[in-house]
Amino acid sequence: MALTVSQVARLAKVSIRALHHYDELGLLRPSDRSEAGYRLYSQADLQRLQQVLFFKELGFPLEEIRRILADPTFDLRAALRMQRQLLTERAARLDALVHAVDAALDALEKGTHVDKEDMFEAFGDFDPSKYEEEAKQRWGETEAYKESSRRAARYKKEDWKRIKEEGDALFQALADLLAAGTLAASDAAMDLAEAHRQYLGRWFYTCPPAMHRGLGELYVADTRFTENIDKVRPGLSLFLRDAFAANAERQGGGGTCV
């Protein structure tokens with residue numbers, strides 16, 4: 001049974017104005033209208049709204065969400081798996097921050113000091129600039145590098161933290177499949193491989209399936225990539241290569257391009 005805009009607003013705990021705004025942006029257009037012209041939302045519309053709200057909760061801008069959902073290669077199952085992993089990572093991070101706050105409060109009340117290393121452990125130490133010069137030497141003339149550089153120039157520290165969290169979550173999800181004995185050519189592995197390709201497209205550069213397959217080959221060919229990736233789980237680099245290749249075949253991009 002179709003729902004009116006006010007019913008959807010109450011159900012999803014969003015404002016009617018927000019739903020009107022989503023409609024205007026082309027982010028969530030109701031499937032039908034009543035004879036009087038009122039918006040009517042179907043079950044599929046509610047599913048799309050849920051995706052909008054999941055991505056929004058993870059900090060994605062509305063225009064970026066619209067682009068993701070409009071992508072003909074968008075895979076709902078892969079998106080849900082990625083969102084679950086990202087939310088799990090965020091929950092762990094928030095839990096660490098809560099413990100850090102508790103420790104600071106406890107120290108303040110007791111008149112003691114928190115160990116200086118423990119004070120900032122919850123914030124991490126990701127530094128995206130450490131590989132910049134080598135990347136420029138290897139790929140500086142490529143369109144992908146130029147596009148990535150343009151985007152990266154706009155990113156702030158919190159953006160890099162989010163990028164790292166998303167990338168780590170995807171690699172961990174793939175590592176979990178490897179640990180469970182799942183085949184790299186399985187739907188689950190290919191769905192996550194596709195989520196990784198879309199992740200690169202969102203943050204760095206347009207990554208066609210053939211290029212993504214080439215990236216997987218690089219993960220195995222360059223021992224530094226291999227050693228770093230395999231820290232997550234031994235053999236993960238090979239699993240990624242095979243999953244990326246299988247997904248490229250599924251997407252119709254079986255060739256190799258880097």
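R213 counts as buried because its relative accessibility is 18%, where buried means under 20% relative accessible area, exposed means over 50% and partly exposed lies in between, with a 1.4 Å probe and protein chains only. The side chain of R213 meets that of E249 in a salt bridge of 2.9 Å, N to O, the term standing for a side-chain nitrogen of Lys or Arg within 4 Å of a carboxyl oxygen of Asp or Glu. This pair links distant parts of the chain, since R213 belongs to helix α11 (residues 209-221) and E249 to helix α13 (residues 236-250), 36 residues apart. Helices (H or I, at least four residues) and strands (E, at least two) are DSSP runs, numbered from the N terminus.

This is a predicted model, in which local features need pLDDT of at least 70 and side-chain atom pairs count only at pLDDT 80 or more, while totals for chains, interfaces and linings use all residues. Residues are numbered from 1 along each chain as its sequence is written, and side-chain values use heavy atoms, with hydrogens and water left out.

| Salt bridge | N to O distance |
|---|---|
| E63 and R66 | 2.7 Å |
| R77 and D191 | 3.9 Å |
| R213 and E249 | 2.9 Å |

D191 counts as buried, because its relative accessibility is 2%.

E63 and R66, by contrast, both lie in helix α4, three residues apart, about one turn of the helix. E63 has 47% relative accessibility and therefore counts as partly exposed, and R66, at 27%, likewise counts as partly exposed.

Within the same helix α4 (residues 62-70), E64, I65, I68 and L69 are buried. Seen down the axis of α4, these buried residues fall within an arc of 130 degrees, so they line one face of the helix; the arc is that of the directions from the helix axis to the C-beta atoms. The buried residues of α4 pack against α3 (43-57) and α10 (187-203), contact meaning heavy atoms within 4.5 Å.

For the protein chain as a whole, there are 13 helices and three strands, and 38% of its 258 residues count as buried. Residues 24 or more positions apart account for 66% of the contacts with a separation of 6 or more.
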